[in-house]
Each structure stands twice: as structure tokens, then as C-alpha cells.
Amino acid sequence: IHNVIFESSHKASILVAQEIANLIREKSALNKLCLLGLATGSSPVKVYEELVRMHKEEGLSFANVVSFNLDEYLPMDRNNIQSYFYFMHEHLFNHVDILPENINIPDGKVSAEDLYQYCIDYEMKIKTLGGLDFQLLGIGRTGHIGFNEPGSHFNSGTRSITLDHITRIDAAPAFLGIDNVPRKAITMGIGTVMSAKRIVLLGWGISKAKILKKTIEGKITSQVPATYLQEHNNTTFVLDSDASSELT
Ligand code: F6R
């Protein structure tokens with residue numbers, strides 16, 4: 001892995017958006033699909049803002065993009081404003097020309113009996129289309145990527161997981177209280193993420209400094225699932241100065 005540190009998350013986000021845009025254009029010139037693994041949360045918001053700007057002002061087309069979101073709460077209705085489905089449409093999909101049938105977000109309404117097969121199908125769809133060309137990540141204070149909480153296995157695939165208590169605390173404001181935060185989620189696995197050809201993890205702000213030190217400088221352990229990224233050969237951590245402040 002390697003790190004790039006920027007003064008502001010704004011400049012950093014614009015560069016990440018440019019990398020994604022270049023990839024979309026390169027694939028499009030070859031008449032190929034571009035498979036993007038996408039994250040929600042506060043970290044990627046400015047990246048999506050810039051991609052929307054490029055679509056509107058520079059004609060960047062998402063017609064060849066197939067997106068796969070990392071995760072969704074379980075249970076969760078897609079019409080709920082707290083859903084990741086809602087988030088992605090609000091911040092990106094409603095403002096660009098991606099084909100609705102090319103949008104994949106884990107379904108928070110899948111029934112318990114269909115869940116197992118649903119997760120296998122999600123995984124297979126990514127593989128069948130040739131694998132993720134680019135995976136955008138944030139990081140949780142527990143060291144989760146996607147919702148792969150501490151204890152997640154290196155080879156894990158898409159599955160349902162139980163959210164860590166710290167993750168639920170961090171989500172509580174958006175749900176107006178921790179009691180309203182779902183206890184479970186569907187998430188792509190560590191194995192799913194690690195099979196991406198390119199990974200960029202965004203880390204902004206002082207609240208991420210401690211976990212980023214463990215992730216980048218600590219030993220690889222299932223207790224900090226993001227440390228698995230140390231074994232990926234094309235991962236970049238894009239940080240602002242606060243997030244990088246604990247690094248040696
Ligand atoms: C979201 C996701 C999570 C977040 C992480 C950081 O789809 O997969 O891993 O990236 O919880 O969230 P923010 O960016 O809100 O600090």
C-alpha cells in the first residue's frame with residue numbers, strides 16, 4: 001500500500017474523482033464496461049459531487065458503468081432516507097446517466113430464507129462481469145471496510161454480519177438514537193474487496209487518525225480488518241493531514 005496526504009479532503013477528493021473518470025473513459029474507448037465498487041458515508045461525498053460536476057459540465061458519461069455498493073443495513077427499506085440505496089441516488093445516481101439496471105446495491109429487504117442465495121448471486125454477478133475495476137472505501141473506527149467488522153475472515157464473501165457496537169454508536173445521529181440503528185447489515189466480504197484491481201481508501205479527520213495508524217503500520221489481524229489491505233498490491237490510502245497525524 002502507499003499513502004498520499006493532502007492538506008484538504010476537498011483537493012484529494014477531486015483527484016480521486018479524476019482517477020475514476022479516467023478509468024471510465026478508458027474503458028469506454030475500448031467498448032468495455034467499467035465495474036465500480038462504491039461506498040456510502042461521509043468520506044466519499046465530495047468524490048461523488050465532483051463526478052456529478054464532470055458529468056454535467058464535461059460530458060463524462062456513466063453509460064458503461066456497472067456499480068456495486070459495498071453494503072446496506074438489514075433490515076432496511078430502499079425508500080427509507082437512512083438507506084444506502086437512498087444515499088447513492090441522492091449523491092450520485094440521480095444526477096448522472098448510469099443505467100438503472102447497472103446499479104447494484106445489496107437489498108436490505110431480502111428475506112431470511114433468500115439471504116444466503118442472494119449473497120452468492122451478488123458475488124457471482126461481480127465475477128461474471130469480470131471483477132471490480134476500482135473499489136472506493138472509507139474506514140470505520142472499528143477498522144471495518146464495507147461492514148466487515150473485527151473478526152472478519154480474509155476470504156469472506158458477501159454475507160450478512162452483526163454490526164459492532166461502536167459502528168452503531170457512530171450511526172446513531174443519522175437514526176436519531178442508537179435504538180433505531182439496525183443490528184445487522186449485508187456487506188461485500190474482505191475477499192470481494194481484495195479481488196478489486198485497484199482500491200482507494202479515503203480517510204478524513206482526526207477521528208480516523210488512530211485506526212489509520214493501526215491499519216497502515218500495525219500487524220495484519222482480523223481484529224482490524226482494514227489491515228488486510230496491506231496485502232493488496234494496488235491500494236492507495238488518500239488522507240488529509242488530520243487523519244494522517246498519528247502516522248510515523
Ligand atoms: C459505507 C461503508 C463504511 C464506511 C465507514 C466510514 O458504505 O462501507 O465502511 O465507509 O463506516 O464512514 P464515514 O465515511 O461516514 O466516516
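Predicted model: local features only at pLDDT ≥ 70, side-chain atom pairs only at ≥ 80, totals over all residues.
Thr162 stands opposite Lys184 in S8. Thr162 belongs to S7, since strand S7 covers 159-162. Strand S8 is made of residues 184-187. Four bridges join S7 to S8, and the two run antiparallel.

Now widen the view to the sheet around this pair. Three strands form it, in the order S4-S8-S7. The sheet is open, and its pairing is antiparallel. Strand S4 (71-74) and strand S7 (159-162) stand at the edges. Each has a single partner strand, so one side of each is left without a neighbour in the sheet. From one strand to the next, the twist averages 30°.

Strands of a sheet pair through backbone hydrogen bonds, and the pairing can be parallel or antiparallel. The next sheet shows the parallel kind.

Strand S6 holds residues 134-137, and strand S9 holds residues 199-203. They pair in the parallel sense over three bridges.

Next, the ligand. Which residues come nearest to it? They are Gly41, Ser42, Ser43, Gly138 and Gly140. In total, 14 residues lie around the ligand.

Finally, step back to the whole protein. The count is seven helices and 10 strands. The radius of gyration is 17 Å, close to the 18 Å that the globule rule gives for 248 residues, so the protein is as compact as a globular protein of that length. Along its principal axes, the C-alpha trace spans about 45 × 45 × 35 Å. Of the 248 residues, 41% count as buried. Contacts across the sequence complete the picture. Take those between residues at least 6 apart in sequence: 81% of them join residues at least 24 apart.

Technical notes. Residues numbered from 1 in each chain as written. Near = placed C-beta within 6 Å. Pairing = 2+ DSSP bridges. Axes fitted to C-alpha atoms, helices over the stretch in contact; angles between N-to-C directions. Rg over C-alpha atoms; globule rule 2.2 N^0.38 Å. Buried ≥ 20, exposed ≤ 12 C-beta atoms within 10 Å, placed from the backbone. Contact = placed C-beta atoms within 7 Å.
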